[in-house]
Amino acid sequence: MRIARALSASLLMLGLAVAPAAADSSPTPSDSASTDGDAPTQAGTSFRTATEVEQGQTATASGSTGDYLYWSFPADAGQRPTVKATVKLPQTHAAQTWQVDVYDGLRRRQSCQYGAQTRTAAADSSSVELACVLRTVRAWSETWANDPLPGTYYVRLTAVGLTTADLGLPVGTEVRVDSKDIGGSAAVDGSLAEPLVPGIAVKSEADKDGSKDSAVLSAIEPEDGWSSGWWSDRWVWTAIGGMLAALAGVGGYALTRGAGRPSRVPPGA
């Protein structure tokens with residue numbers, strides 16, 4: 001009976017523990033909620049002038065073929081960002097090849113896991129769609145590695161290999177970034193002291209010196225702040241493993257302890 005009660009209590013605790021894990025693996029608010037009413041309607045022309053856009057927003061901008069268009073967005077540890085771009089082409093144009101590139105806070109070009117990062121639009125095409133699914137953002141990485149880290153990410157959209165006749169033609173663009181929360185499977189032992197956002201190094205030095213003049217940081221960050229994903233299902237499954245190990249120990253003891261001393265054997269024997 002004791003073992004049965006212990007098993008029932010353990011199963012109840014497992015059910016309560018798995019519930020946060022299921023909630024943690026659900027899509028983030030940026031997957032469903034959008035604030036397109038406040039979305040930007042222009043793009044920057046360099047890393048320094050990149051237009052800031054929140055995840056879940058659809059940013060729009062008008063430009064010309066041959067321009068470099070830049071946006072920036074925040075990505076925290078445990079997120080796997082997906083960048084989608086749509087270019088609306090003019091009625092008359094030759095075949096055009098468009099490309100979307102993503103750079104991290106150190107301006108290192110990040111590779112795409114999958115997605116059509118570069119596509120060629122035929123002469124009669126009215127639009128072209130691009131996509132880039134990044135690797136999962138890690139909380140910490142070796143200095144020599146090129147792993148994506150928490151901070152600001154930059155999106156660059158441009159046409160490559162244009163003919164002279166197509167230079168300067170008007171185009172319309174749409175860019176949207178969404179993320180999937182990967183959870184504990186992407187957790188690592190370590191974290192950055194500060195996210196890789198513009199101005200963070202200068203601000204830290206100013207704080208150490210006691211100076212009032214410090215750099216202005218990027219105005220965008222995750223809804224719950226940086227490194228908000230410290231809780232993940234990794235903690236849950238660690239607790240489950242510990243409880244299962246304890247149950248295995250109790251069960252093994254119950255099976256091997258035997259029935260005790262036989263009644264016919266005197267205590268002093």
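User: Happy to start with the rings. How many aromatic pairs does the structure hold?

Analyst: First the general idea: two numbers describe a pair of aromatic rings, the distance of the centres and the angle of the planes. In this predicted model, there are four aromatic pairs. Take Phe-47 and Tyr-154: their ring centres are 5.3 Å apart and their planes stand at 85°, an edge-to-face pair.

User: Which parts of the chain does that pair tie together?

Analyst: Phe-47 sits in the loop between α2 (29-32) and β1 (51-52), while Tyr-154 belongs to strand β10 (residues 151-160), so the pair links parts that are 107 residues apart in sequence. The two also belong to one aromatic cluster with Tyr-70 and Tyr-103.

User: Is Phe-47 buried or exposed?

Analyst: Buried means under 20% relative accessible area, and Phe-47 has 19%, so Phe-47 is buried. Tyr-154 is buried as well, at 6%.

User: Now the second largest pocket: what is its volume, please?

Analyst: The volume is about 280 Å³. This pocket is lined by 16 residues, and the closest to its centre are Phe-47, Arg-107, Tyr-154, Pro-198 and Gly-199. By type, the lining has eight nonpolar, five polar and three charged residues.

Key
Residues are numbered from 1 along each chain as its sequence is written. This is a predicted model: local features need pLDDT of at least 70, side-chain atom pairs count only at pLDDT 80 or more; totals for chains, interfaces and linings use all residues. Side-chain values use heavy atoms; hydrogens and water are left out. Rings of Phe, Tyr and Trp (its six-membered ring) pair if their centres lie within 6.5 Å; planes under 30 degrees apart count as stacked, over 60 as edge-to-face and the rest as tilted. Helices (H or I, at least four residues) and strands (E, at least two) are DSSP runs, numbered from the N terminus. Buried means under 20% relative accessible area, exposed over 50%, partly exposed in between (1.4 Å probe, protein chains only). On a 1 Å grid over the protein atoms alone, a cavity is a set of points where a 1.4 Å probe fits but cannot get out, and a pocket is an open set with protein on both sides within 12 Å along at least five of seven lines; lining residues have an atom within 4 Å of a point. Grid points are joined across faces, edges and corners, and a volume is the space filled by probe spheres set on the points. Ala, Val, Leu, Ile, Met, Phe, Trp, Tyr, Cys and Pro count as nonpolar, Asp, Glu, Lys and Arg as charged, and the others, Gly among them, as polar.
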